[in-house]
Amino acid sequence: MKPPVVQPEKPDIHSESFLHSLMRKQLRLSILCASAFLLGLLGLPLANYFFPEVMAKRVFGFTLTWLILGVAFFPAVWLIAWAFIKRSIALEEAEVAEADSDESVSR
């Protein structure tokens, strides 16, 4: 005689385990985006310290340091924020879709 097949418990999108799983994934994403931001934020002073002759070059009438700080830094921050929002929404949708598919399979 075969043992009864135990179906896995369907994930409830309102449960604590579902919420913690989503929060862990979003925490990893947050750490990655914060690391990218800090790399850009700390990279400019470090580039000035280690490569002063390169950073002092004139580009469009500005030193490279000021061009990066005044022009390139803000679009980079916007890009990091945009990537975070898009990926965060995708994580939520993937978790809900997984829960919905598990729910429809168990019916």
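Predicted model: local features only at pLDDT ≥ 70, side-chain atom pairs only at ≥ 80, totals over all residues.
Guide: Residues are numbered from 1 along each chain as its sequence is written, and side-chain values use heavy atoms, with hydrogens and water left out.

Visitor: Why is T65 called buried?

Guide: Buried means under 20% relative accessible area, exposed means over 50%, and partly exposed lies in between, with a 1.4 Å probe and protein chains only. T65 has a relative accessible area of 14%, so T65 is buried. T65 belongs to helix 3, residues 64-106; helices (H or I, at least four residues) and strands (E, at least two) are DSSP runs, numbered from the N terminus.

Visitor: What does T65 touch?

Guide: Leaving aside residues up to four places away in sequence, T65 touches L44, N48 and M55. Contact here means heavy atoms within 4.5 Å.

Visitor: What makes K25 and E95 a salt bridge?

Guide: A salt bridge requires a side-chain nitrogen of Lys or Arg within 4 Å of a carboxyl oxygen of Asp or Glu. The side chains of K25 and E95 meet at 2.2 Å, N to O, and therefore form a salt bridge. K25 lies in helix 1 and E95 in helix 3, so the pair ties together parts that are 70 residues apart in sequence. A search of the whole structure finds one salt bridge.

Visitor: Why is the pair of F37 and F73 called tilted?

Guide: Rings of Phe, Tyr and Trp (its six-membered ring) pair if their centres lie within 6.5 Å; planes under 30 degrees apart count as stacked, over 60 as edge-to-face and the rest as tilted. The structure holds three aromatic pairs. The ring centres of F37 and F73 are 6.0 Å apart and their planes stand at 50 degrees, so this pair is tilted. F37 lies in helix 1 and F73 in helix 3, so the pair ties together parts that are 36 residues apart in sequence.

Visitor: What makes the pair of Y49 and F50 edge-to-face?

Guide: The centres of Y49 and F50 are 5.0 Å apart with 85 degrees between the planes, and the pair is therefore edge-to-face. Y49, with a relative accessible area of 64%, is exposed, and F50, at 53%, also counts as exposed.

Visitor: How do you know where F51 lies and how F51 is classed?

Guide: F51 is placed in the loop between helix 1 and helix 2. Its relative accessibility is 48%, so F51 counts as partly exposed.

Visitor: Why is P52 called partly exposed?

Guide: P52, in helix 2 (residues 52-55), has a relative accessible area of 41%, and therefore P52 is partly exposed.
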